Amino acid sequence: MWSLLKIELFKVFKRPRTYIAFIAVWAIVSLIQLAIYVDGPKYMDFVLRDVKESFDVIGDPLNGYFVCFVILQTLLIHVPLLVALVSADMVAGEANMGTLRLLISKPVSRTKLLLSKFFASAIYAIILLIWIAILGLFLSMVVFGTDGLINAKSYEIIILNGNDVFWRYLCAFGFAALALITVSSLGFFFSIFAENSLGPIVATMSVIIVFTILTTLDIPLFQSVKDFFFTTHMIGWKGFFEMKTDAEGMSIPGTIRNLPAVLRSAGILLLHILIFTGSAIFIFNRKDVLS
Amino acid sequence: MEAIIKVSHLTKTFRELTAVNDLSFTVQKGDVYGFLGQNGAGKSTSIRMLLTLIQPTSGSIEVFGYNLQHHRKEILRNTGAVIERPDLYKYLSAYETLQLFAAMSSVKLTRQQYMDQLELVGLAQRANSKVRTFSQGMKQRLGIAVALVHNPELIVLDEPTNGLDPQGIADMRNLILMLREKMKKTVLVSSHLLSEVEQIANRMLIIDKGKKLVEGTVSELFHPDDTVVLIETTNQPACEELLRNSNYATQLIGIDAAGIELKLRKEEVPVLTKMLIENNISILGIHACHSLEDYFLKITTANQHVEPFKN
């Protein structure tokens, strides 16, 4: 299995297409950082427009943690597309190239072959996320420095102390990895039905877009089912940036407001991964390879 | 003789279409077994079932004495294949391609051994070139190297000369002959070209619409007694009468607008020609072909989709 995984990773990272995502992330992150570096104070004024008159903001809210928060909110909508580019190509791409029949005629079980491909696409998603962390978090920390993080929502503003943020980012990136692997497993699932990767990529993105729209629509019919959509739980990482409050309404540093909800979201994503991957293996084991 | 492949009553249906219909055949150790049929005859479907790409609807396949369904891994460990086009990873070099497929068969070779494999197919000089820069013939030869990298006993080649230029076809033919003569491999090779199979195979099978038509050794099937001669003359009735009153009467097999057909030994053709000339029969043409070739041509013509163009 390990040897098969190494082969799959070798193939993934030998393909020029793989690096498109890394370049795209670098370009987006750099542009956001440049924009904040140039126009950051204006942007900060806009974010804090409702607070400034009531509170004195001590310290520098425009710091690396804040920049990373902006980057994550922006990128985690687009990164699934980049992940789908690779995961949806894992089987369909081989079918398109004609190499799938050669792989299946080798002395490896289809289950192991598929699992190695799934793990390779999951590792790719994690490496892409690490790349985002390096550019979005660590580089921003170096360029903009560190201080407290202001998490401005439509109905509240959460202010996290500078020394209470880094671990939250680590947890958020871990959760985001799970969300991206879910997207990866969906792309992978579609991949076994197609003979070129375009179809599975479009199908994956269509599912994400449709589910996201249904989730955000304030219609009772969809409200009742939105909990079953994995897209509802993909943004669960934001939960790490909310704190519990004490009886007097004061935030308690080092806490997560609704950890059970975050864990539940993680569990639902994990369940989706198992369902998508398990179904892909079940169907693929019975499939005639005609490509 | 040891049977390497034993196919019994193999059938594959895709909804209403029966691609392979109750097919049975045996490939013996050391054979170059020609698997002949037109495009769509069921060759590739049969080969794909042999390589576990397609599940048979019914029937059984035994390879090396093991049931394929129950001993897939053991069988494929000792089988190499090139299935239709030589599709490989365009972004890898020839050397990397061999390494990758050797690893898939749990085989690790030294650099020299990989180079020897590439040398065998004439690609040692291009070991580090990317597959995308290769011609069709080079890709096909690399495909053979991939099939051989884990030193299997059985090699399955599905239409290995498809899309190759004459030199590529000759190279492929020599490679297959080398596999048999020098490396003592058992080779199952499919083709839609009778002449191609005739040159490389010692045993062959012809299938059409998924069914077995003929099976036997090439020497039996291409016996010199089985020559079909078609005579075209300006005076067919006179020619027919002459033949009916001669020793050739029993060898007449067909008379139609195209001409008169006889089945005879190859060396009898000049004697027949001489007799026709001596009897003042104006000959437009005498075409001699092997009866198997004629038979195969008839199958081909029966499946003709477009009428021949007549000016």
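Author: Helices here are DSSP runs of H or I with at least four residues, strands are runs of E with at least two, and both are numbered from the N terminus. The model is predicted, so local features need pLDDT of at least 70 and side-chain atom pairs count only at pLDDT 80 or more, while totals for chains, interfaces and linings use all residues. Residues are numbered from 1 along each chain as its sequence is written, and chains are lettered from A and ligands numbered from 1 in the order in which they are written.

Reader: Thanks! What makes residues 64-92 of chain A helical or strand-like?

Author: By those DSSP runs, residues 64-92 of chain A are 97% helix and 0% strand, with the end C-alpha atoms 40 Å apart. UniProt, in an unreviewed entry, lists 64-92 of chain A under "transmembrane region", along with others including 20-38. Such annotations may be inferred rather than shown by experiment, and the positions follow the numbering used here, with feature names shortened. Residues 20-38 of chain A are 100% helix and 0% strand, and their end C-alpha atoms lie 27 Å apart.

Reader: Why is B:Lys139 called buried?

Author: A residue is buried if 20 or more other C-beta atoms, placed from the backbone, lie within 10 Å of its own, exposed if 12 or fewer, and partly exposed in between. B:Lys139 has 23 C-beta neighbours inside 10 Å, so B:Lys139 counts as buried. B:Lys139 sits in helix α5 (residues 136-148) of chain B.

Reader: Which residues does B:Lys139 contact, leaving aside its neighbours within four places in sequence?

Author: Two residues are in contact if their C-beta atoms, placed from the backbone, lie within 7 Å. With those neighbours set aside, the partners of B:Lys139 are B:Pro86, B:Leu88, B:Val131 and B:Phe134.

Reader: And how do you know that helix α4 of chain A is mostly covered?

Author: Seven of the nine residues of α4 (residues 89-97) in chain A are buried. Among them are A:Met90, A:Val91 and A:Ala92. The buried residues of α4(A) pack against α3 (64-87), α5 (100-104), α6 (110-144), α7 (166-191) and α8 (198-216) of chain A. Just after α4(A), A:Gly98 takes a positive phi of about 90°.

Reader: How many residues does each chain give to the contact between chains A and B?

Author: Chain B gives 20 residues and chain A gives 19 residues. On the side of chain B that touches chain A, α2 (72-77) and α3 (94-104) of chain B are the elements that give two or more residues.
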